[in-house]
Amino acid sequence: MTVLAPVNELLQEMADSLDTLALLQQRELNAIVDRQHADVNAITEAKEKALARVNQLDQQLAEHPDKEQLKDDPDLAQAVAAIKSTLSNVQHQSQVNEQVVQSTLNSIDQLKQTILQSARKDSLTYDSKGKIR
């Protein structure tokens with residue numbers, strides 16, 4: 001038989017996990033902006049673990065026999081509201097990070113195209129009359 005943690009402990013762990021996720025997202029954004037690409041991979045792995053833990057805690061809360069306390073107890077209801085607010089902030093930051101990554105990838109692609117065009121121009125040869133061969 002599995003021993004269930006009290007609802008308030010699960011909520012606190014959920015809040016802590018979301019705070020960790022928010023911190024990791026900020027570190028990820030800083031690493032992207034600072035072009036610390038090796039750090040981005042490590043941070044992404046840590047984010048995946050934190051997100052998996054958040055999902056696991058959410059599932060435990062949803063199946064908890066005392067889950068009605070989340071609505072009935074004013075302190076727990078306030079904690080749930082704070083967690084929802086943090087989750088909303090995490091989701092927003094995730095969208096911002098995604099936009100920054102997409103912008104960075106677009107810039108890299110443009111740079112690549114410029115380099116390729118420049119290389120093609122450098123490889124052109126001219127005849128004695130100055131015309132391109």
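## The loop between α2 and α3

H64 is found in the loop between α2 and α3, where helices are DSSP runs of H or I with at least four residues, strands are runs of E with at least two, and both are numbered from the N terminus. The model is a predicted one, in which local features need pLDDT of at least 70, side-chain atom pairs count only at pLDDT 80 or more, and totals for chains, interfaces and linings use all residues. Residues are numbered from 1 along each chain as its sequence is written, and side-chain values use heavy atoms, with hydrogens and water left out.

Is H64 buried or exposed? H64 counts as buried because its relative accessible area is 5%, the class being set at under 20%, with exposed over 50% and partly exposed in between (1.4 Å probe, protein chains only). Leaving aside neighbours within four places in sequence, H64 is in contact (heavy atoms within 4.5 Å) with L4, A5, P6, V7 and L10. A polar atom of the H64 side chain lies 2.8 Å from the backbone oxygen of A5, and the H64 side chain also reaches the backbone nitrogen of D66 at 3.0 Å. The C-alpha atoms of H64 and K131, which are 67 residues apart along the chain, are separated by 80 Å.

## Helix α2

Helix α2 has 27 residues and reaches 39 Å from its first C-alpha to its last, close to the 39 Å expected at 1.5 Å a residue, where the expected span is 1.5 Å times one less than the number of residues. The buried residues of α2 are V40, I43, K47, A50, V54, L57 and L61, and they pack against α1 and α3.

Q56 also lies in helix α2, but it is classed as partly exposed because its relative accessible area is 40%. The side chains of Q56 and R53 are joined by a polar contact of 2.4 Å, a term for a pair of N or O atoms within 3.5 Å in which, within protein, one must be able to donate a hydrogen and the other to accept it, with residues adjacent in sequence counted only if both atoms are side-chain atoms.

## The largest pocket

About 380 Å³ of space lies in the largest pocket, and of the 16 residues that line it, D58, L61, L70, V80 and K84 lie nearest its centre. The elements that give two or more residues to this lining are α1 (7–33), α2 (37–63), α3 (69–72) and α4 (74–122), and the largest share, five residues, comes from α2. A pocket here is an open set of points on a 1 Å grid over the protein atoms alone, where a 1.4 Å probe fits, with protein on both sides within 12 Å along at least five of seven lines, and lining residues have an atom within 4 Å of a point. By class, the lining has ten nonpolar, one polar and five charged residues.

## The second largest pocket and Q25

The second largest pocket has a volume of about 200 Å³, and among the residues that line it are L18, L21, Q25, K47 and V54. Helices α1, α2 and α4 each give two or more residues to this lining, whose classes are six nonpolar, four polar and two charged.

Q25, in helix α1, is buried, with a relative accessible area of 3%. Neighbours within four places in sequence aside, Q25 is in contact with K47, V90, Q93, S94 and N97.

Technical notes
Points joined across faces, edges and corners; volume = space filled by probe spheres on them. Nonpolar A, V, L, I, M, F, W, Y, C, P; charged D, E, K, R; others polar.
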